[in-house]
Amino acid sequence: MWLRLPGRAQPWPMTRTANRLTAAAPGTSGPPDAAPEASGSAAASREPARTVDHLQVGDVSVTRVLEYYGPADLTPADFFPGIPAHTWQGEEASWLRPDFLDGATGVVRSAVQTWLLRSEGRTILIDTGVGNHKERPYSPVWSRRNTGYLDRLAAAGVTPQDVDVVVNTHLHVDHVGWNTRLEGRDWVPTFPNAVYLMARDDFDFWNPANERRSVLGRGNQNVFEDSVAPVHRAGQALLWEGSHRIDAHLRLDLAPGHTPGSSVVTLESGTDRAVFVGDLMHSPAQVLMPDCNSCFCEDPAAARATRRRLLGWAADHRALLFPAHFGGPGALEVTRTASAFAVKGWAPLSRATHQDMTGEGR
Ligand SMILES: [Zn+2]
């Protein structure tokens, strides 16, 4: 009997390793946006930026559909209270600029995006962004937006009628927005033929009727009413518990901490592995500091434990990690030693650029 290592037989065709150990040499970072080579691959930087991009993981195709990329309107100190200030400053932060940190303003840069999967003949969306025309009195950056998200979905070859499955990794404002669209004065499901998979733990937590208290205050106000309840009323929500198999390649599991019902999609196809981790992390700095949460984590201890567990699984299985909000190439492979994790390389997707979203918004 011989043992076979789990995970992909061949290395991913990574664009370039980018972590603290291999960041650009001093003096090469330049101003943000003007020197994309500073933190992305030289090869990728010569390609035109795209808002839709594609890669294959086993028998499953994965397409990135951007809704937004740019400043997150949060300083790193506010976004990641536990990460030391020097992480975001000077040469130490060069590997984070410009994809994850705006060098001029010092604010965090984030993407809001959907991971579009085609698996076993079905079309699956993981997370649906912020949406258009929503009233967000306590999240003004996401209020009354008017973007071409559905046009970019169409550019990826998908009409709303084509979508078979929607996965909401959790029920925060920036993950359920396109669940619905405004028709007259009513919010209706954007994807009329889809089953929407929502963890019951999150559905119950965010349902105002249950009067649960969020540590986030009112930032998620209106979200359940305009983006979750209409789907449920239409009979299109499947509230799953514990674990849910989507198909032979894809499985949903609870990964609580960021929210009580936060979940991840694990992709296993042949020897290829990937895991779509939602808001398990918002910056690659958290790979190096996995005990540091974002300010949006409801249960800090559980979020830390879940992040360490999933980083470990991804490293051990050479799985591509797809966070919900990373700029740059959007997905990465991680590696670990006995006590630490590191970024091993980035997926061969083109880098999001700030200019992609110019002219859109409100
Ligand atoms: Zn989010």
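Among contacts in the protein chain between residues at least 6 apart in sequence, what percentage join residues at least 24 apart? The figure is 72%, where a contact means that the C-beta atoms of two residues, placed from the backbone, lie within 7 Å.

Colleagues, please note that this is a predicted model, in which local features need pLDDT of at least 70, side-chain atom pairs count only at pLDDT 80 or more, and totals for chains, interfaces and linings use all residues. Residues are numbered from 1 along each chain as its sequence is written.

I begin with the overall composition. The protein chain has seven helices and 16 strands; these are DSSP runs, numbered from the N terminus, with helices being H or I of at least four residues and strands E of at least two. Of its 362 residues, 52% count as buried, that is, 20 or more other C-beta atoms lie within 10 Å of the residue's own C-beta, again placed from the backbone.

Strand β6, residues 180-183, pairs with strand β7, residues 186-189, in the antiparallel sense over four bridges; strands are said to pair if DSSP finds at least two bridges between them. Glu-183 stands opposite Asp-186 in β7. Two residues lie between the strands of this hairpin, and Gly-184 takes a positive phi near 65°.

Both of these strands also meet helix α5. This helix, residues 223-233, is mostly covered, with eight of its eleven residues buried. Among them are Val-223, Phe-224, Val-228 and Val-231, together with Asp-226 and Ser-227. The buried residues of α5 pack against β6, β7, β8 (195-199), α4 (200-206) and β9 (237-240). Just after α5, Gly-235 takes a positive phi of about 75°.

I turn now to the open sheet. Seven strands are arranged in the order β10-β11-β12-β13-β14-β15-β16, with mixed pairing. At the edges are β10 (243-245) and β16 (341-346), each of which pairs on one side only. From one strand to the next, the twist averages 25°; axes are lines fitted to C-alpha atoms, for helices over the stretch in contact, and angles run from 0 to 180 degrees between N-to-C directions.

Within this sheet, which strand pairs with β13 in the parallel sense over four bridges? The partner of β13 (residues 272-278) is β14 (residues 320-323), and Ala-274 stands opposite Leu-320 in β14.

Finally, helix α7, residues 300-316, lies across β12 (263-269), β13, β14, β15 (332-336) and β16. The helix runs at about 95° to β15.

Terms used: A residue is buried if 20 or more other C-beta atoms lie within 10 Å of its own, exposed if 12 or fewer, and partly exposed in between; C-beta atoms are placed from the backbone.
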